[in-house]
Amino acid sequence: MVGIAGVIRLRSQLLCSQAVSLGLVNSNIINERMVQTVWIWCAVVLIAKFTAGLENGLVRTPPMGWLSWERFRCNTDCKNDPDNCIRDGLFRTMTDIVIAEGYAAVGYQYINIDDCWLERERGFDGQLKPDRQRFPYGIKNLADYVHSKGLKFGIYEDYGNYTCGGYPGILGHLEEDAALIASWDVDYIKLDGCYAHPSDMDKGYSEFGYYLNRTGRPMVYSCSWPVYQTFAGMKPNFSLISDTCNLWRNFGDIQDSWASIESIMDYFGDNQDDIAPNAGPGHWNDPDMLIVGNFGLSYEQSKTQMALWAILAAPLFMSVDLRTIRPEYKAILQNKKIIAVDQDPLGIQGRRIYKHKGIEIWARPISPTYQNYYSYAIAFINRRTDGTPSDVSVTLKELGLAYPAGYRVEDLYEDVDYGTLTPQTKIKVKVNPSGVVILRADVDLEAVYAQNNYTPFPVLNQVFKVNQNTFK
Ligand SMILES: *[C@@H]1O[C@H](CO)[C@@H](O)[C@H](O)[C@H]1NC(C)=O
Ligand SMILES: *[C@@H]1O[C@H](CO)[C@@H](O)[C@H](O)[C@H]1NC(C)=O
Ligand SMILES: *[C@@H]1O[C@H](CO)[C@@H](O)[C@H](O)[C@H]1NC(C)=O
């Protein structure tokens, strides 16, 4: 681990010294502030702590699936609303649709229950019991169904005395509940933090993680620990959290609105120095569910959420009624090119690198890499509301993309292939109000080989020079 982290740190260092040494020249939108943000980006990548993280072999890329909460909440009224209440059939139906409608084929894998699946009290044996009416066959039977379709199954509990919906929590029963959940063949557990003291969570979430591990069944461990501590005015210990959990919630619950997306965007941007370095294979920051296809977002805003979540290396949990979703929203959720950014194997979380007059640029280093150069996904987000698309123009070099032989650039929503662009090329994009343009810029290996038939390692020389400059 240390070796790899060392290499990554060295690579980042070289990347940044190149971006800076090549100079950051003028353009329509780039100014002092831009230069500053690139410097900050570099400094932060440089000092980033690449923590080892929890090693249970799971979620080497962010988990993807379907989760009931944002869309179906704690609807337990199966008498009056049988199609939309939290019960066995809802999860079987979503399992079927995830397969039949192509969601599984693009990577959505987990079918997860959220709150409100339990009886109000533990049984006489002290054990958790699923609601008898709504889950008449038990949880193991539902898990078996999901597994029989080739998908994975997740469930919800709470570290405190009660779940947020008032059902029994695990406090005082950590070991037996971990064992019971494992005996149901659960693959994923989200542990909420209502009715618990945030100051107990360092100990409590770690303890439950220990008991999960002791069951011997690999289960993804999703924690709500940092958000409860942050909201209580504490500073979460992310080193401990990423050693304990596979993913964790940093900020409040997502709601069905653009305002909610904006608040999450701002939180992740404003706090990226604390948050972003903790992400990596097996351990992820979680900005909460995708609400694409529900009631609150326009088409443009839905595209923005999907693109931003991919930049953030976020878990992709749809929370939408897959029975009635419109085709254009389904297409956003199934955009393979954006999913590939989210699932990039390097697992480096992206950052907001520019923010000025309602225009934001977010960038994420991705593969392929060549020597010390990364490829990038770049999202241009327009938060202006003045009603007409905004033009943004910038050179790749100004974004920190300095690979001399150039990048193969394509638009991930529109079918536009820009071909190979050098760092000096100015790109212009039109970004709709509350919309996004997301590009992918891959280091162009073919170009370097084609141009340099007789000098096989020109880039190495370049690196070497920068290296000399940096360490002289
Ligand atoms: C949980 O319940 C126990 C027993 O009633 C009580 O002593 C404890 O203070 C409760 N914990 C919290 C965090 O509310
Ligand atoms: C338990 O923890 C060990 C050590 O981190 C790890 O190698 C193993 O895969 C874990 N097992 C499970 C079931 O999570
Ligand atoms: C955070 O947790 C780690 C253990 O993973 C511990 O070594 C460290 O001292 C903790 N940091 C703080 C500030 O408590």
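The shell around ligand 3 has 1 nonpolar, 2 polar and 1 charged residues. Here Ala, Val, Leu, Ile, Met, Phe, Trp, Tyr, Cys and Pro count as nonpolar, Asp, Glu, Lys and Arg as charged, and the others, Gly among them, as polar. Asn237, Ser239, Leu240 and Asp243 surround ligand 3; a residue is near a molecule if its C-beta atom, placed from the backbone, lies within 6 Å of it. The model is predicted: local features need pLDDT of at least 70, side-chain atom pairs count only at pLDDT 80 or more, and totals for chains, interfaces and linings use all residues. Residues are numbered from 1 along each chain as its sequence is written, while chains are lettered from A and ligands numbered from 1 in the order in which they are written.

Ligand 2 is surrounded by Glu55, Asn56, Gly57, Asn213, Gly216, Arg217 and Pro218. By class, this shell holds 1 nonpolar, 4 polar and 2 charged residues.

The protein chain has 16 helices and 16 strands. These are DSSP runs, numbered from the N terminus (helices: H or I, at least four residues; strands: E, at least two). Of its 472 residues, 47% count as buried, meaning that 20 or more other C-beta atoms, placed from the backbone, lie within 10 Å of a residue's own.

Helix H6 spans residues 174-183, and its buried residues are Asp177, Ala178 and Ile181. Seen down the axis of H6, they fall within an arc of 100 degrees (taken from the directions from the helix axis to the C-beta atoms), so they line one face of the helix. Aspartate 185 follows H6, with a positive phi near 65 degrees.

Conventions. A residue is buried if 20 or more other C-beta atoms lie within 10 Å of its own, exposed if 12 or fewer, and partly exposed in between; C-beta atoms are placed from the backbone.
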